[in-house]
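Here is a short walk through one structure. Keep the sequence at hand as you read.

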Amino acid sequence: MAVDIRPLVLQISDNISDNAFKASDALARIGSEEVVLAMIAQLSHENTEAKVLAARTLGPIGNNMALEPVMEAIKSEQNRSIAGELMVALEGLDVADCY
């Protein structure tokens with residue numbers, strides 16, 4: 001049975017809710033490819049909090065499909081002020097081939 005992740009994604013998107021960290025944790029527990037793809041898309045969001053929450057969600061999932069998009073987000077000039085916070089996603093990813 002598929003879980004509708006849209007309400008959770010909305011909580012960490014445009015209008016960051018008070019439950020954003022709970023939503024992030026719930027999405028990480030779901031950990032599906034759909035969640036990973038939604039969080040990868042979120043890394044390009046205009047809201048910096050949304051980007052940080054996406055990285056926070058991706059880390060525990062540990063799906064290396066997110067590695068390149070996370071690295072691109074970290075290196076982006078636009079994300080310079082939050083690059084350190086985006087690095088949290090790298091904790092769950094295999095970065096061995098990056099170095």
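Buried means under 20% relative accessible area, exposed over 50%, and partly exposed in between, with a 1.4 Å probe and protein chains only. P7 has a relative accessible area of 43%, so it is partly exposed. P7 sits in helix α1; helices are DSSP runs of H or I, at least four residues, numbered from the N terminus.

The model is predicted: local features need pLDDT of at least 70, side-chain atom pairs count only at pLDDT 80 or more, and totals for chains, interfaces and linings use all residues. Residues are numbered from 1 along each chain as its sequence is written, and side-chain values use heavy atoms, with hydrogens and water left out.

Helix α2 (residues 20-30) packs on helix α4 (residues 48-61) at about 30 degrees, their axes 8 Å apart. Axes are lines fitted to C-alpha atoms over the stretch in contact, and angles run from 0 to 180 degrees between N-to-C directions. Angles under 35 degrees count as roughly parallel, and α2 and α4 are therefore roughly parallel to each other. From α2, the contact (heavy atoms within 4.5 Å) uses A20, F21, S24, D25, L27 and A28; from α4, L53, R56, T57, P60 and I61.

Next comes the core. A nonpolar core is a set of buried Ala, Val, Leu, Ile, Met, Phe, Trp, Tyr and Cys residues joined through side-chain atoms within 4.5 Å. The largest one has 33 residues; L27, M39, L58, V70 and L86 touch the most other members. Helix α4 gives the most to this core, six residues. Leaving aside neighbours within four places in sequence, L86 contacts L43, K51, V52, A55, V70, A73, I74 and N79.

Notes
Helices (H or I, at least four residues) and strands (E, at least two) are DSSP runs, numbered from the N terminus. Angles under 35 degrees count as roughly parallel, over 145 as roughly antiparallel, 65 to 115 as roughly perpendicular and the rest as oblique.
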